[in-house]
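Have the sequence and the 3D view open as you read.

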Amino acid sequence: MDAALRIVLLCLLLVLSGCFRTVIQYTPQRGPHQTYQVRSGDTLSSIARRYHLDYQVLARRNHLRSPYLIYVGQHLSLWSEAPRASYMPTNTASPKPRIKSDFKAPSRVKKSAKRVAKRTPGKSGAVSLRWPLDGKVTSRFGRRQGRPHDGVDIGAKEGTPVHAAAAGEVVYADNRLSGYGNLIIVRHSHDMFTAYTHNQRNLVSKGARVQQGDIIARVGHTGRASGSHLHFEVRRGPTPVDPQAYLPRR
Ligand SMILES: [Zn+2]
């Protein structure tokens, strides 16, 4: 997995934060500072910065792999390698941890200037997209109720087919990111990705190659979604861009 993909995954939850609010509780840490207990709003990067560590070193010490999922209440080993068993994946265990990925808490994000979409025809990595489904855009890219909304919401009935916006490789197809429901990420070029969230069902698996227009999922409202819709987003590397800048007008 290379840097661009890692970054897009790191940023993904930020993107999705526009669709719902995640309620996360914070339990203060007590005891020696050998470990750090993850708090609401933390990211692996922010924790690493606080302790003057490289986030990749911190990730390695805690056996975290891209997309570096951490969750509130998790203890991270700062200075030495953590026992492996403490950080085994919990995808089948219950209760499911509330998972956060490595992005800044939505309330602290003030990067609207960077969120301006750019049309970049001809630019390396740019790919022409098709709409993932027919349907009304119920919420556009940009700020919504004071919070970032890094994609477009397209309203559609449960079960409506979701099509790949362009050819590419499925780099994520899972439902382990709490709140996001069934999620698919397709990589189209070295730095261009599309994400499809709240799916009723994912119909492709990680590693699959898809062609533009292939049906990859069905619309749903899994995760914390208000009603049945597709939250669709486009990333150029780490930067969320307005999908409508890349999609045909309609
Ligand atoms: Zn949305």
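## A pair of strands

In which sense do strands β11 and β12 pair, and over how many bridges? They pair in the antiparallel sense, over five bridges; two strands count as paired if DSSP finds at least two bridges between them. Four residues sit between β11 and β12 in this hairpin, and R187 stands opposite F193 in β12. Strand β11 covers residues 182-187.

This is a predicted model: local features need pLDDT of at least 70, side-chain atom pairs count only at pLDDT 80 or more, and totals for chains, interfaces and linings use all residues. Residues are numbered from 1 along each chain as its sequence is written.

## The other side of β12

β12 (residues 192-199) also runs antiparallel to strand β16 (residues 229-236), joined to it by six bridges. Here Y196 stands opposite F232 in β16. As for cover, eight of the eight residues of β12 are buried (20 or more other C-beta atoms within 10 Å of the residue's own, with C-beta atoms placed from the backbone).

## The whole protein

The protein has three helices and 17 strands (DSSP runs, H or I of at least four residues for helices and E of at least two for strands, numbered from the N terminus). Of its 250 residues, 39% are buried.

Mean pLDDT (the predictor's confidence in each residue, from 0 to 100) is 74, and 67% of residues reach 70 or more. Over residues 85-123, pLDDT is below 50.

How values were computed
Buried ≥ 20, exposed ≤ 12 C-beta atoms within 10 Å, placed from the backbone. Contact = placed C-beta atoms within 7 Å.
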